[in-house]
Amino acid sequence: MKAPKVSLDGAKIQALLFQHVEKIVLVVVVALVGWFVYQGYILEGLPPDRTPPLLVDTANNVTTFINSPTRWNDVKEEPERFAPMDVVPRVDKAQLPNLPEKYATVNRLSLPDFAKRQFRTDPKIFPPIHLKVVPISGPLAVYTEGTEVDPLDQTKIEAPPAATLKTKVPKTTRKPRTKAPRGGEGAMGGEGGPLGRGPIQPNPQEPFGQQGPVMQAQSLYPESIRGYQAEGEGAIARDVKAMVVMAVVPIDKQIQEFENALASSLDYDSARDLPQYLAYTVERADVTANPAADPATLKWDSLSAKGALKETEKWEGVLTEIVDPSYLLPDVLTHPAPPLMQRDIWELLTHPDVPLATVNLADEAAAPVEDVVPTDDVPGGPVPNPVGGGVDGTGPVGPRMMPRPGQGEGGLRGPRRPPVQGGGENDGMGQFKPVAPPKYQLIRFTDTTVQTGKQYRYRLKVFLHDPNHPAATFTPPSVVSLRDDVRQRVKDQDVADAKKGGGFRTYWVTSDWSEASAPATLPTTRHYFAGKVTPPKDALVITNMPKVPITQVSGKGLIVVWASDKVVDVPAEFEFYRGSVVNFSAPTQVIHPVTHQIIDLTYPMRTDAIVVDMQGGEKIPTVDRRMIESALESPGEILYFDSTGQLHARDEATDIEGYRTYFVPKPEVKPMTTPELIPSGGGEGGLGGLL
């Protein structure tokens with residue numbers, strides 16, 4: 001049978017549809033009818049108690065019950081109903097006057113011009129948050145005070161006492177703490193900057209003392225000149241091990257809390273009823289035995305913040321702040337960062353929640369920077385506390401007073417605090433620029449009593465001026481303005497202060513303790529770096545067989561140890577093999593932390609570390625086989641195993657910065673020219689003498 005031909009021609013398809021359209025319509029109608037029947041079939045039927053016969057029976061029973069002849073006797077009242085005749089009494093009651101207290105309105109129709117004042121409450125005090133601990137050790141710039149000598153002065157024995165650094169530094173050489181901190185030109189780099197971003201060329205005309213074997217540094221790697229740059233005579237390096245503890249207090253939330261509690265209260269005072277930080281206290285716990293212990297079970301030791309601040313007076317200077325100055329509260333919450341030399345000090349100056357300072361060059365050019373005005377010269381500024389007492393035994397001399405209108409930037413030992421609703425500053429052109437108030441205030445504390453090998457955790461709490469029980473320099477709020485619980489607290493506080501005698505007055509409130517910081521320990525004082533690795537040499541022993549190595553793989557590494565007796569990092573490069581123990585003594589050169597001079601030194605490098613393995617140094621294949629001799633070599637990789645059981649995998653490519661930081665650059669050897677090798681003159685040593 002011959003198969004029919006199928007054509008998809010448009011005209012034929014149209015003719016096919018025209019001839020069979022009634023069949024197509026019939027199929028569609030049948031399909032719709034079937035769908036309706038199916039939908040009706042799947043519908044849920046009537047429940048058993050709703051069937052038509054049952055509903056008819058129920059209706060008949062109700063009709064029979066209603067049409068019963070005795071139905072009225074069942075519903076009529078016994079006795080007969082009657083209407084009460086009490087119209088007159090009800091009218092008399094309606095004419096009585098209304099009681100006003102029964103119809104009091106919630107909101108008055110005529111509001112007063114000023115809101116009703118509330119009783120004074122105690123605002124919540126927010127503790128410090130986001131603790132950050134920076135462990136660091138190294139040379140600290142301090143004054144000699146006539147009791148210390150430079151440990152790198154190699155001629156202090158041979159030279160007369162007057163030539164050493166034991167001469168007491170005159171008091172006039174110290175720079176006032178109220179002026180800008182030292183640190184060279186610029187706070188964030190450049191020549192002499194505290195971050196050490198630019199090279200420093202020591203002056204050859206100013207040798208260090210009168211020692212002979214000291215080499216004058218003509219140039220050093222920029223990486224080796226970092227950290228604080230000491231100035232003037234009398235500065236000396238001291239070995240210090242410290243933990244720099246930083247945190248922030250939410251000043252914006254604290255201001256808002258004081259506003260909510262006191263802004264609409266009785267006896268409101270804009271100068272007294274704002275948050276004023278007085279001090280803070282620090283506690284430390286030794287968690288070496290159990291770093292993961294619950295902070296509630298730890299033994300916390302109190303540290304003196306005032307003692308730490310007094311210790312900064314012995315420093316030769318302080319690091320220049322690089323963060324937004326409105327986030328700082330100098331000497332109250334923000335202690336200066338320690339002037340550590342030859343160290344990365346970025347972490348000592350910054351906190352993740354504190355933005356960096358921004359400088360407008362146009363504004364600085366228009367208005368020169370002036371020194372900080374001592375607060376003793378500010379009208380209405382410092383007012384001593386006449387009643388004594390305070391935080392930490394003796395306590396602060398008084399609260400930091402907020403500036404009053406017309407008072408300028410005055411305040412008790414501190415700068416102007418930001419206003420509550422935001423502030424601004426004059427741009428020097430008569431225009432007022434709005435300045436956003438700071439979100440936090442930075443706390444910085446330096447603990448120099450830590451020990452190597454131990455782990456510590458810290459926690460802090462802050463002291464604020466009590467607006468409901470202020471210092472004697474403020475007018476206290478009236479007793480009737482205090483809420484009952486606040487009035488009782490103030491009364492109990494006065495009784496407790498009276499028992500101490502001497503006019504003692506507790507004019508501060510404290511926050512809760514902050515969350516404990518993460519365990520912190522001092523960093524290692526030994527550093528291992530990888531240098532060039534020389535692969536083993538091989539030789540052909542049997543023809544058509546692989547070459548056999550005839551030497552061992554060797555390499556060079558840089559070891560840096562901290563010499564606490566010399567107060568300097570001692571670098572030494574040595575050559576080693578697999579299994580070599582890194583214990584040797586060799587002449588080396590160190591960079592003086594104060595003068596940046598190069599000093600020859602022989603120091604025992606005893607680390608008890610072992611070189612486990614090394615690789616690298618092979619020629620990297622080139623496209624042109626003829627250039628194989630000048631091809632680059634693969635970087636050396638060295639694996640150290642130190643005395644504490646730690647592995648150090650070092651790479652030559654990434655350790656270049658370590659070499660430049662600690663290693664003294666070798667002097668360039670210039671080749672001698674032909675006239676210098678062969679003098680033209682006669683006589684001894686000349687060519688004529690030889691002939």
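The side chains of Glu311 and Lys314 meet in a salt bridge, with N and O 3.7 Å apart; a salt bridge is a side-chain nitrogen of Lys or Arg within 4 Å of a carboxyl oxygen of Asp or Glu. Glu311 is partly exposed at a relative accessible area of 28%, and Lys314 is partly exposed at 45%. Here buried means under 20% relative accessible area, exposed means over 50%, and partly exposed lies in between (1.4 Å probe, protein chains only). The model is predicted, so local features need pLDDT of at least 70 and side-chain atom pairs count only at pLDDT 80 or more, while totals for chains, interfaces and linings use all residues. Residues are numbered from 1 along each chain as its sequence is written, and side-chain values use heavy atoms, with hydrogens and water left out.

A search of the whole structure finds 21 salt bridges. One of them joins Asp466 to Arg489, with the closest N and O atoms 3.2 Å apart. Asp466 lies in the loop between strand 9 (455-465) and helix 10 (484-500), and Arg489 lies in helix 10, so the pair ties together parts that are 23 residues apart in sequence. Helices (H or I, at least four residues) and strands (E, at least two) are DSSP runs, numbered from the N terminus. Asp466 counts as buried, at 2% relative accessibility, whereas Arg489 counts as partly exposed, at 27%.

Another salt bridge is formed by Asp485 and Arg483, whose closest N and O atoms are 2.9 Å apart. Asp485 is partly exposed, with a relative accessible area of 44%, and Arg483 is partly exposed, with 38%.

Attention now turns to the surface. Ile13, Leu17, Ile24, Val28, Leu32, Trp35 and Phe36 form a nonpolar patch there, with about 690 Å² of accessible area together. Patches are made of residues with over 30% relative accessible area and no salt bridge; like charges are joined within 9 Å, and nonpolar side chains (Val, Leu, Ile, Met, Phe, Trp, Tyr) within 5 Å. Accessible areas come from the Shrake-Rupley method with a 1.4 Å probe, and for residues only the protein chains shown count as cover. Helix 1 (10-19) and helix 2 (21-41) each supply at least two residues of this patch, and helix 2 gives the most, with 5 residues. Leu32 has its place in helix 2 and is partly exposed, with a relative accessible area of 46%.

The last topic is the space inside. The whole structure holds 3 cavities of 30 Å³ or more. On a 1 Å grid over the protein atoms alone, a cavity is a set of points where a 1.4 Å probe fits but cannot get out, and lining residues have an atom within 4 Å of a point. A volume is the space filled by probe spheres set on the points.

The largest cavity has a volume of about 120 Å³. Its lining has 13 residues, of which Gln342, Asp569, Ile591, Thr661 and Tyr662 lie nearest its centre. Strand 16 (568-577), strand 17 (581-591) and helix 11 (656-662) each supply at least two residues of this lining. The second largest cavity holds about 50 Å³ of space, and the residues that line this second cavity include Asp150, Ala235, Lys566 and His592.

Notes. On a 1 Å grid over the protein atoms alone, a cavity is a set of points where a 1.4 Å probe fits but cannot get out, and a pocket is an open set with protein on both sides within 12 Å along at least five of seven lines; lining residues have an atom within 4 Å of a point.
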